[in-house]
Amino acid sequence: MTFRVLDPSSEVDTAQGQRAPRLASLEGKTIGFISNGKEGTKGFFGHLDRMLRQDFGAADVVLRVKSNYSAPADDPIVAELPRWDAVISGIGD
Amino acid sequence: MQLTSKVHEASDIAAVQELYHSRGWTDGLPIVPPTAEAVEACLEWAMLPPEQLIGVEPVRERAVTAEKLAINAVMAGCLPMHFPVVVAAVTAMLQPEFLLHGATASTGGCAVLLVLNGPIRLELATDPTFNVLGASDRATMAIGRALRLVLINVLDVRPGGIDRSTLGHPGKISYCLAEDEDDSNWLSLAETRDIPKEISAVTVMTAGAPRQIMNEWTTEPKEILETFAAEIRANMRHYSIWPGNYAILVPKQLREHLDNAGWSKRDVAEFIFERARIHRHEWAEVGKGAVVRDRGDTVYPAMESPDQLLVIAAGGPAGGFGAVIPPWLGHKSHAVTMAIGACLDCGPPPA
């Protein structure tokens with residue numbers, strides 16, 4: 001007996017974002033951090049901030065912290081994205 | 001009825017199982033083949049067209065239709081009469097305050113707890129007594145499993161993918177129970193959350209594993225409830241300090257002592273609200289001194305108000321046991337109660 005059975009998946013093609021062009025250098029760039037605010041992020045992003053400025057010549061490093069670490073970034077943070085040259089989003093669990 | 005899901009063919013029942021397992025469409029257990037006939041029977045019972053939009057998962061903007069819910073419900077072993085509960089539960093889970101994406105993706109590894117109230121408990125022959133947190137009856141097992149299959153297949157919540165749970169817990173297979181309304185003088189959980197008694201309802205909560213307590217050496221309500229409060233305090237010390245929807249299950253034996261003393265659910269919630277709180281400095285006693293800092297004297301309550309405690313009458317008739325079910329991320333994810341097949345705040349149709 002042949003079974004004809006239905007597909008239980010969403011059958012939706014997940015929209016694939018395109019990778020932004022890679023930066024040739026971080027020299028003089030503004031780098032944004034989106035932190036989930038968990039305890040482990042403080043040391044991690046603090047260290048990364050120093051690295052980017054001292055070792056890679058970043059002009060500015062901007063830290064933004066989500067209001068809810070289990071939800072997407074708040075709208076005001078997302079609105080800032082175009083002003084940054086690159087973004088680092090860390091879990092920091 | 002026009003179903004639009006892709007149709008797959010398999011030569012026999014074993015081939016169906018292998019097909020679904022190989023595609024990552026199961027929870028590891030065998031499934032009931034979701035034929036068009038079985039799926040249509042669910043949709044007809046709930047009077048839903050296949051394309052009916054049940055909701056949209058707000059983070060990934062994934063639409064959830066009645067047809068996809070029905071397919072997964074059939075796979076889980078649901079009968080058509082179970083399906084309206086699945087629809088109501090998923091609708092509730094898609095409310096923003098439930099924080100579904102966070103709950104299903106979190107390393108915290110919570111499950112979705114479902115509690116059934118109202119006439120549907122009897123219509124579905126649920127058993128809220130013996131082994132209520134285990135495999136107590138067909139309906140609650142199948143409905144709870146259906147939710148997990150929906151998460152797996154419709155929202156791609158698979159371990160190591162969207163699901164980043166460090167441990168998870170057995171409730172992630174099925175975590176559904178009915179409340180013992182017929183052997184209790186208390187208001188039902190749904191009634192305490194503004195659903196009339198004659199309306200069937202489901203409450204969903206992002207929930208950790210149950211923590212069992214025992215106190216069969218007293219009939220004094222405050223002593224009984226102190227044991228529940230202590231278990232909540234233990235969870236706050238060992239797991240998470242954040243307040244939110246804790247649930248407690250009170251089986252018959254302890255419930256009778258409370259009832260004999262005239263304690264209502266509200267009395268229970270107010271007592272536990274006062275007793276279930278810890279100082280931050282207590283974290284130092286359980287190896288978490290590094291995060292006490294200068295806030296050691298700050299007091300953290302387990303709930304922001306007594307209303308956040310979900311008091312549930314359920315469990316077998318004998319034994320001085322009870323259970324505390326802690327929230328996943330209590331201050332961010334809130335329990336949602338939804339009427340089944342009824343709209344309580346709908347106005348009359350326009351003239």
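Helices (H or I, at least four residues) and strands (E, at least two) are DSSP runs, numbered from the N terminus. On this basis, the secondary structure of chain B comes to 11 helices and 13 strands. The radius of gyration of chain B, taken over C-alpha atoms, is 21 Å, close to the 20 Å given for 351 residues by the globule rule (2.2 Å times the number of residues to the power 0.38), so chain B is as compact as a globular protein of that length. Along the principal axes, the C-alpha atoms of chain B fill a box of roughly 60 × 50 × 45 Å.

The model is predicted: local features need pLDDT of at least 70, side-chain atom pairs count only at pLDDT 80 or more, and totals for chains, interfaces and linings use all residues. Residues are numbered from 1 along each chain as its sequence is written, and chains are lettered from A and ligands numbered from 1 in the order in which they are written.

Between the chains, 33 residues of chain B are in contact with 18 residues of chain A, two residues being in contact if their C-beta atoms, placed from the backbone, lie within 7 Å. On the side of chain B that touches chain A, at least two residues each come from strand 1 (7-10), helix 1 (13-22), helix 2 (36-46), helix 3 (66-76) and helix 7 (138-154) of chain B. This side has 18 nonpolar, nine polar and six charged residues; Ala, Val, Leu, Ile, Met, Phe, Trp, Tyr, Cys and Pro count as nonpolar, Asp, Glu, Lys and Arg as charged, and the others, Gly among them, as polar. Strand 1 (residues 3-6) of chain A pairs with strand 1 of chain B in the antiparallel sense over four bridges, pairing being assigned if DSSP finds at least two bridges between two strands. Val5(A) has His8(B) as its bridge partner.

Within chain B, an open sheet of four strands has the order 5-4-6-13, with mixed pairing. Strand 5 (176-178) and strand 13 (336-339) of chain B stand at the edges with a single partner strand each, so one side of each is left without a neighbour in the sheet. From one strand to the next the twist averages 20°; axes are lines fitted to C-alpha atoms, for helices over the stretch in contact, and angles run from 0 to 180 degrees between N-to-C directions. Strand 4 (residues 111-117) and strand 5 of chain B run parallel and are joined by three bridges, with Leu116(B) paired to Ala178(B). Helix 4 (residues 83-93) of chain B packs on the sheet, touching strand 4, strand 6 (201-207) and strand 13 of chain B. Helix 7 of chain B lies across strand 4 and strand 5 of chain B, at about 145° to strand 5 of chain B.

The axes of helix 2 and helix 4 of chain B come within 8 Å and cross at roughly 75°. These helices of chain B are therefore roughly perpendicular to each other (65 to 115 degrees; under 35 is roughly parallel, over 145 roughly antiparallel and the rest oblique). Cys42(B), Trp45(B) and Ala46(B) of helix 2 of chain B and Phe83(B), Pro84(B) and Val87(B) of helix 4 of chain B make the contact, which has six nonpolar, no polar and no charged residues. Helix 3 and helix 7 of chain B pack at an angle of about 130°, with their axes 8 Å apart, and are therefore oblique to each other.
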